[in-house]
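Hi,

Here is the structure I promised to pass on. Have a look, and then read my notes below.

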Amino acid sequence: MTGSEASPTFRLAYVPGATPAKWVRIWNERLPDVPLTLIPVSAAEAPEVLRGGDADAGLVRLPVDRTVFSAIPLYTETSVVVVPKDHIVAAVEEVTADDLAEDIVLHPLDDVIGWERLPGRPAIERPATTADAIELVAAGVGVLVVPQSLARLHHRRDLTYRPVTDAPQSSVALSWPEDATTDQVEDFIGIVRGRTVNSTRGRAQPPEQPKRKPTAGKAASGKTPGPGKSPRGRSAAPKGGGKGGGKGGAKRGKPRRRS
């Protein structure tokens, strides 16, 4: 797809926990004539939304299918355990997965942490969503390990969270279909990578100013010869003679002494 085939708006999908606000603000400042539409999607839905053309690009969770999508990793999140405020974990600064060995660790169906082996004891059933799991944590049923942004998204006054130092982490990336790299996608890539408006890789380039040609009658160096000077900088002898003139002009002799 070429830039001329791009839609009149730029549609950006984003998964729970991703925060596009800063980049949207910069987009609106740089490209006020191209509206940016935000499309919230679940982490599982994001690939199909992009593949189906319902969004031009997305802030998604890695990994993605690199045979279909291009992706620029943006940041990696700390994994945290969400617990009730009266839980023993709330008394420490951080924990390891082994510290959760005696807890029921909930594993929602929309989990975005790639566990090889879930810590703690398994729950009887898996909650359908992270939001459902948060409700179970608040009810004292178990604890939940999620990326820190999701802990903040589902913040409750009766819950808190602590980093799990050895838990797998989740990364967020800007992704789009590889065969649909439009001019608008390139513009957004420039924004998330911190390029300025006048970046050599940006599209909005100021026109190059033409070089001025030397004014006629001036020397090639751009300097005008001063009075009494030849173009090469030597004094110019007057043509013809003055008093007592000869071909080369008057000669200066000794002054005659008056009697």
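W23, I26, W27 and R30 in α1 touch Q184, D187, F188, I191 and V192 in α5 (contact means heavy atoms within 4.5 Å; helices, H or I, of at least four residues and strands, E, of at least two are DSSP runs numbered from the N terminus). That contact splits into 6 nonpolar, 1 polar and 2 charged residues (Ala, Val, Leu, Ile, Met, Phe, Trp, Tyr, Cys and Pro count as nonpolar, Asp, Glu, Lys and Arg as charged, the others, Gly among them, as polar).

This is a predicted model, with local features needing pLDDT of at least 70 and side-chain atom pairs pLDDT 80 or more, while totals for chains, interfaces and linings use all residues. Numbering starts from 1 along each chain as its sequence is written, and side-chain values use heavy atoms, leaving out hydrogens and water.

What about the angle between α1 and α5? Helix α1 (residues 21-30) packs on helix α5 (residues 183-192) at about 120°, axes 10 Å apart (axes are lines fitted to C-alpha atoms, for helices over the stretch in contact, with angles from 0 to 180 degrees between N-to-C directions). The pair is therefore oblique (under 35 degrees is roughly parallel, over 145 roughly antiparallel, 65 to 115 roughly perpendicular, the rest oblique).

One more thing, on the backbone: L62 and P63 are joined by a cis peptide bond, with omega about 5°. P63 sits in the loop between β3 and β4 (69-77).

Cheers
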